[in-house]
Structures are given as C-alpha cells and as structure tokens.
Amino acid sequence: MVLMDGKNHESWLQKRRKTFVAYLIETCALGMEYSLTFITLWMYLKDVIQTDDLNLFYSSISVIYLISQVAMSVLFGALFDHHRNARLMILIGNLCIISGNILYTIPYSPWYLFTGRLISGGGGCLRSIMTAEIVRAYPKSELSGKFSSIGLSFALGFVFGPLLNIPFANENFSLFGFPISYANAPGLVLSVIFMVIQLLDFYLVSNLSLEYDMKEFGDGDSGSQYSIIGNDGGGDGGGVDGGGESQYSIIGDDGYEKSQIKDDLDSSSRLLPFTIGDEDSDDQPRYQWYIFFKMIHNVQICFILFLSLFFMYCMVLFDLWLPMTATEYLQYGVTEINYVILGFGACAVVQLIVFTFRPIPQHLLIYFAMFCIFGMMLDYAIFVVLRHFHGNHTVNIVLLAIWDFLAANIIAMEEIFLIVTLATKVGSRVQTTTESIRLACSRTGAILALTSAASAFSWITITCSICISLLFISLIFLIVMHKRLSEERVLVR
C-alpha cells in the first residue's frame with residue numbers, strides 16, 4: 001500500500017478515466033467481432049469457399065474459436081493476477097485478434113478460417129482482464145453503473161457490426177490480390193478496427209491495479225504491508241520522518257490489520273492500495289486448479305458458474321435458432337432477419353443506457369436476475385408458439401418484438417448481475433483468475449449450444465420444455481438463496 005499525495009492521486013484518477021474509455025471502445029469492437037463473424041460464417045463457407053464439408057467446418061471453426069477463448073482466458077487470467085500488467089496483456093490480445101482476422105479474410109481454404117479463428121480466440125482474455133481491472137479500480141457502489149456501460153458498449157457492437165457490413169452487401173473487389181465480398185469483408189473490417197484500437201490502447205491504457213488496488217484495500221485482507229511516503233513523493237529519502245519509507249500496522253474499524261498513519265501527516269495525503277508485494281507472497285494461490293476447486297466447493301459460486309454456462313447456452317442457442325425459425329417457419333429473408341437482430345441490439349442498447357445513468361442498486365440486482373430468468377422462459381415459449389402457430393403475420397411481428405426485448409436482458413444479466421455478484425465473493429488477488437473461470441464456463445455453454453443447436457431445433461418443442469424447466473428450477477434456487485447472494489462476503493481469496 002502506498003500513501004501518496006494529492007497530485008499523484010489525481011494523476012491516477014486521470015489514468016483511470018482514460019483506461020475506462022479504452023475499455024469501452026475495446027468492448028464495442030469485441031461485440032462487433034462476435035456479431036459479424038457468426039452472421040456471415042455459414043455464407044462464407046457455402047458461397048465463397050464452397051467446401052464439401054460444410055457442416056463439419058462450420059461447427060469446428062465456431063467451436064475452436066470458443067475453445068481458444070476458454071484456454072487463453074484462464075492462462076492469461078492467472079498471469080495477469082500475478083503480474084498485473086494490463087497494458088501488455090491487452091496489446092497481446094489485440095495482436096491475436098488482428099492476425100486471426102487477417103487469416104480469416106483469405107478465401108482460398110476453410111483451413112485459413114479455422115486457423116484465423118483459433119488465433120483470434122486468444123483475444124478472449126481481454127474480457128476477464130478488463131473486468132478485473134474495473135473491479136479493482138472502482139468502489140463497489142460504482143460497479144453496477146460501470147458494467148452497465150461495458151454492457152452498453154458490447155450491445156452497440158451488435159448494432160454497429162451489421163451496419164458496417166451493409167456497404168459490402170453487393171460489392172466484390174480485390175485487395176492485394178485477395179477477393180473481398182460480403183462474406184469475408186468482416187475479417188478485413190475487424191482487422192482495421194483493431195489496428196486503430198491497438199494504437200489507442202498504447203496511449204490510453206494504464207496498469208491501474210499494479211499501482212493501486214482499491215478492491216484489496218476495501219476487502220480488508222489482513223497482514224498487508226503499507227509503505228508511508230511523504231507529500232514530496234520521495235521513496236528513498238523523503239519519508240514521513242525524513243528517513244525513507246517506514247512500515248506500520250494498524251487495526252481498522254472492521255477489525256482487520258491496516259496501517260499506522262502518523263498524526264502529523266498532511267491532510268492532502270491519501271491512502272490507496274498497492275499490492276504487487278502481496279502478489280509475490282508464498283501464501284498467494286497461483287494455480288488455476290486450486291482456485292477452481294475452492295470455487296466449486298461453495299454453493300453460491302457454483303450457482304453463479306452454472307448460470308454463466310446456462311445463460312450463454314441460451315444466448316447462443318437463440319442466436320442460431322433465430323435465423324432458422326425465420327427461414328423455416330416464417331419464410332423470412334436476409335433483410336427481415338437483420339431487422340430482428342438489429343431490434344435485439346437496439347433493445348439492449350436502450351436498456352443499458354438506462355442502467356448506465358440510473359444504475360441498479362446492488363441489493364436490487366437479485367430481483368433483476370429473477371426478471372431475466374422469467375423473461376427467458378417466455379422467450380422459449382415464443383419459439384414454441386412460432387413453431388406451431390405462425391399463420392398470422394402481425395402476431396409474428398409482435399412476438400418477435402417481445403422476444404427482442406426479453407432476450408436483450410441476457411446481456412445485462414451477464415454484464416451486471418453475474419460479474420458484480422462474483423466480484424463481491426472473491427478477493428482481489430484472484431479476481432482475474434476467477435472471472436476467467438466464469439468466462440470459461442460461459443464459453444463452454446456456447447460450445448454446447450453450437451454443437452447441439454441443429455439437432456435441438458429438430459426437437460424444438462421438447463428442447464424448449466426442458467430449458468423452461470431448468471430456468472424455473474434456477475428461479476426457485478435464486479429466490480431461496482437471494483439473501484446470501486446479495487450480501488458482500490468474500491468466499492475465495
């Protein structure tokens with residue numbers, strides 16, 4: 001921990017503002033990548049590459065992208081918890097996305113797409129790193145609003161992605177000898193976008209928690225060492241007593257050991273945490289499996305991990321079922337499908353704008369989660385209705401509009417409730433690793449959806465009934481555990 005003067009404190013706050021802006025831009029671009037890639041992948045393989053193994057490559061390319069995200073999130077998450085070098089990790093993640101999308105643009109073989117998705121999946125570590133930095137850099141009372149902004153940026157990516165691809169709908173041209181069309185244009189667009197973001201991140205992103213860890217200070221972990229530095233900022237010869245840095249211990253109001261601050265310190269000084277020394281401690285758990293086992297031994301955290309898996313399963317299943325339902329049952333074309341997708345993105349954007357400027361109080365997040373689960377049950381019911389009763393065009397439009405509104409809650413559920421609730425249950429030193437494990441569960445749900453969507457659609461009524469039953473059980477479980485999930489208690493350190 002470091003006691004720094006007001007000038008250094010203001011400098012850190014300015015870095016925090018710039019870094020958060022960079023995270024908003026990065027998250028929007030990640031949302032664009034998700035929406036652009038999965039929308040055009042099938043047409044890319046079918047119309048441009050014209051592979052004979054269409055189903056095999058579609059499934060394998062989608063799955064390898066998510067597997068790569070899972071592996072790199074957990075690996076880089078553990079490294080980041082130890083080194084706290086967010087700037088370096090984000091630059092590496094962007095480099096993976098840029099190189100992967102360049103390969104994805106080459107339309108000569110499906111193996112270019114496969115390799116490109118494998119490499120760009122390395123950027124999956126960005127979400128957990130940015131989440132951990134935000135949790136460590138802002139007080140708990142501000143987390144709901146901050147993650148609403150992050151969710152808003154991700155939803156805007158869903159809107160901007162299809163819009164950016166519209167100019168390429170009827171265009172065919174060559175770039176450096178490579179043919180560019182509607183199908184592989186997303187790889188080109190995303191490469192350019194992330195190149196620009198790479199330059200912005202180089203100047204905007206700072207290693208916030210490497211300097212000061214606000215979450216660690218708030219958690220009140222015992223045994224932390226604090227360095228007292230005078231207002232002159234001196235570390236070697238400018239301590240409080242003029243004799244360099246001194247170590248003190250203090251018992252805070254919460255009963256935990258903090259630091260001893262002398263009475264004659266200037267009132268402009270501020271105490272903020274610095275935890276790199278703690279990260280090097282022999283007592284610090286550094287292995288992902290050890291942390292994972294600690295997480296699964298707790299019922300509350302297990303439930304959060306299950307919801308992360310199941311909600312992402314539902315979200316990806318919805319994404320894949322929507323065009324299938326529109327074409328098979330409603331006889332819609334590409335234009336109508338894009339309108340429905342844009343409606344989903346617009347609903348998510350409006351909802352998250354409201355949550356950004358009017359954040360949900362933390363004690364009310366649990367009730368929002370209950371509403372989201374109930375809304376997802378209705379979404380599955382809408383699929384069943386559209387399967388069996390789709391003769392009335394007006395009713396179909398109304399049902400799809402309701403579906404858009406309710407499905408948009410999934411993004412808010414992911415970005416606000418699950419992230420914030422888990423953040424209150426884990427210590428700062430394992431924040432990135434635990435968030436990476438949660439994201440790994442989330443991506444596992446996406447993999448399950450990708451591999452089962454087609455067969456599940458053939459039995460859509462039975463699948464929807466099973467999912468509605470699981471959501472109902474989850475709702476009951478959430479009602480029973482709502483007090484324990486709402487309390488701010490660190491369960492894994």
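This is a predicted model: local features need pLDDT of at least 70, side-chain atom pairs count only at pLDDT 80 or more; totals for chains, interfaces and linings use all residues.
**Contacts, core and salt bridges**

Visitor: Is F147 buried or exposed?
Guide: F147 counts as buried, because its relative accessibility is 0%. Buried means under 20% relative accessible area, exposed means over 50%, and partly exposed is in between, using a 1.4 Å probe and protein chains only.

Visitor: How many residues of the whole protein count as buried, as a percentage?
Guide: Of its 493 residues, 57% count as buried. The protein has 19 helices and six strands, and among contacts between residues at least 6 apart in sequence, 82% join residues at least 24 apart.

Visitor: Which residues touch the most other members of the largest nonpolar core?
Guide: Those are L45, W321, Y380, I411, F417 and L478, in a core of 139 residues. A nonpolar core here is a set of buried Ala, Val, Leu, Ile, Met, Phe, Trp, Tyr and Cys residues joined through side-chain atoms within 4.5 Å. Helix 12 (residues 299-328) gives the most to this core, namely 18 residues.

Visitor: Where does that core lie relative to the domains?
Guide: The core lies between domain 1 (1-214) and domain 2 (287-492), because both give residues to it; the domain bounds come from an automatic or database domain assignment.

Visitor: What does W321 touch, again not counting residues up to four places away?
Guide: W321 touches Y380, F383, A453, A456, F457, I460, T463 and C464.

Visitor: Switching to charges, how many salt bridges are there?
Guide: The count comes to five, taking a salt bridge as a side-chain nitrogen of Lys or Arg within 4 Å of a carboxyl oxygen of Asp or Glu. In one of them, the side chains of R136 and D81 meet with N and O 2.5 Å apart. That pair links distant parts of the chain, since R136 is in helix 5 (residues 125-137) and D81 in helix 2 (residues 54-83), 55 residues apart. Both R136 and D81 are buried.

Visitor: What about R438, which partner does it have in helix 16?
Guide: R438 forms a salt bridge with E414, the closest N and O atoms being 3.0 Å apart. R438 lies in helix 17 (residues 431-458) and E414 in helix 16 (residues 409-423), so the pair ties together parts that are 24 residues apart in sequence. R438 and E414 are both buried.

Visitor: How far is the closest N of R438 from an O of E435?
Guide: In the salt bridge of E435 with R438, the closest N and O atoms are 2.9 Å apart. Both residues belong to helix 17, where they are three residues apart, about one turn of the helix, and both are buried. Through shared partners, salt bridges join E414, E435 and R438 into one network.

Definitions and conventions:
Residues are numbered from 1 along each chain as its sequence is written. Side-chain values use heavy atoms; hydrogens and water are left out. Helices (H or I, at least four residues) and strands (E, at least two) are DSSP runs, numbered from the N terminus. Contact means heavy atoms within 4.5 Å.
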